[in-house]
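Grab a pencil and work through a few exercises on the chain shown below. Each one sets a task, then walks through a solution.

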Amino acid sequence: MDYIFSDTLASDDISLSATFDSSLDDTTTQVQLNTMPVSTNDSLTNALDNAVRDLRDASILIADNIAQRLRLTSKCLPQGVDFSAEEAREMCDDLIPSMRLQSDQEMEPMMLAFSARHLPALAACITSCDRATQPVALSTYIQVLSLLPAPESNAYLRAFLSSPAATGLPNVIAWHFTRGLHWIAPSGPGHVCALLTSLLFWCDAALGDDTRASIDARLRSELGATLPLYLSGETTDRPREVRRLALERLAVVLKRIDCASAAEACEYLAGARRRHGVGRPAQRECCVCHRVTELLCSQCKTVRFCGKECQAVAWKDGHQLQCFTAAV
Ligand SMILES: [Zn+2]
Ligand SMILES: [Zn+2]
């Protein structure tokens with residue numbers, strides 16, 4: 001069953017057209033949205049609509065610009081070549097800090113656009129970087145991933161981690177974390193530990209060597225041994241107090257995985273996924289009226305709409321700042 005759902009916002013912003021193309025039972029249903037009347041006298045509404053549309057366009061541009069500066073889109077780093085000293089300085093002084101300059105709410109559209117468009121390239125760089133010859137690039141890529149909105153609020157990251165494309169990622173990141181990274185503020189051990197917890201929750205447990213979790217048993221035990229060093233300040237990179245919680249949480253999750261039977265560990269991780277997925281698009285309901293529906297937004301594939309009215313309501317209500325075409 002495959003649904004195509006396209007939407008376009010007319011340039012004068014007074015009509016929204018959408019097409020549902022359903023290949024279900026070989027008949028094609030197309031639903032055209034009626035023109036949505038918006039008072040052309042309502043200049044405030046128009047100004048707000050224009051501002052939101054500008055923000056969406058800017059988010060995509062900024063996301064692509066970051067990807068380019070990280071060499072995710074063109075001029076990829078050749079094997080064995082690290083960022084230049086100038087690039088490394090730019091990462092530390094400008095690019096990585098800029099990912100958290102504004103409030104989370106202001107950054108969200110840009111971070112979601114980056115997640116939708118550049119996650120596969122970022123993950124490929126993390127798994128292919130060589131620790132000996134590319135330490136700065138490797139550390140940068142892992143910390144960029146750690147600064148993206150968590151899977152609970154980032155449908156693109158959630159879908160990516162749950163897909164075969166994430167193969168290799170949990171073990172590689174755990175391995176590098178236990179051996180140390182070049183920390184670039186505002187990321188730090190807390191951010192990477194929160195990322196590792198997400199990898200345990202969202203990646204397929206079959207990726208790990210004992211099928212209990214996506215990180216191999218030996219690496220889980222190394223992680224368990226590394227965390228107290230950070231918490232006690234025995235490493236030079238003592239996390240700020242505010243991030244201690246992420247380290248302690250990862251320690252608890254690791255214990256839960258290894259102190260239970262394999263079946264109990266799987267059930268624990270599945271339960272964590274269910275809890276964090278509550279209210280999110282894993283649901284079968286229209287995200288506006290909550291009627292059960294099979295129709296997915298074909299652009300982002302992260303939300304369901306029962307039809308044209310609810311799609312139009314959601315788009316105007318902010319979905320246009322969350323809806324980006326995912327790279328595959
Ligand atoms: Zn609906
Ligand atoms: Zn969408």
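Read along the sequence, the protein chain runs β-β-α-α-α-α-α-α-α-α-α-α-α, which is 2 strands and 11 helices. Helices (H or I, at least four residues) and strands (E, at least two) are DSSP runs, numbered from the N terminus.

A word on ground rules: this is a predicted model, where local features need pLDDT of at least 70, side-chain atom pairs count only at pLDDT 80 or more, and totals for chains, interfaces and linings use all residues. Residues are numbered from 1 along each chain as its sequence is written, and chains are lettered from A and ligands numbered from 1 in the order in which they are written.

**Exercise 1.** Check the length of helix H8 against its residue count.

Solution. Start with the expected span, 1.5 Å times one less than the number of residues. H8 covers residues 217-232, and its 16 residues should span 22 Å. Next, take the end C-alpha atoms: they are 24 Å apart, which agrees. Just past the helix, Gly233 has a positive phi of about 85°.

**Exercise 2.** Work out which side of H8 is buried.

Solution. First, the cut-offs: a residue is buried with 20 or more other C-beta atoms (placed from the backbone) within 10 Å of its own, exposed with 12 or fewer, and partly exposed in between. In H8, the buried ones are Leu219, Arg220, Leu223, Thr226, Leu227 and Tyr230. They sit on the same side of H8, because their arc around the axis is only 125° (taken from the directions from the helix axis to the C-beta atoms). An α-helix has 3.6 residues a turn, so residues three or four places apart point the same way.

**Exercise 3.** Find what the buried side of H8 packs against.

Solution. The partners are helices H6 (169-179), H7 (189-202) and H9 (244-259). Zoom in on H6: its axis comes within 10 Å of that of H8, crossing at roughly 35°. (Axes are lines fitted to C-alpha atoms, for helices over the stretch in contact, with angles from 0 to 180 degrees between N-to-C directions.) Asn171, Ala174, Trp175 and Thr178 of H6 make the contact with Leu219, Glu222, Leu223 and Thr226 of H8; contact here means C-beta atoms within 7 Å.

**Exercise 4.** Is Leu247 buried or exposed?

Solution. Locate Leu247 in helix H9. Then count: 22 other C-beta atoms lie within 10 Å, so Leu247 is buried.

Technical notes:
Two residues are in contact if their C-beta atoms, placed from the backbone, lie within 7 Å.
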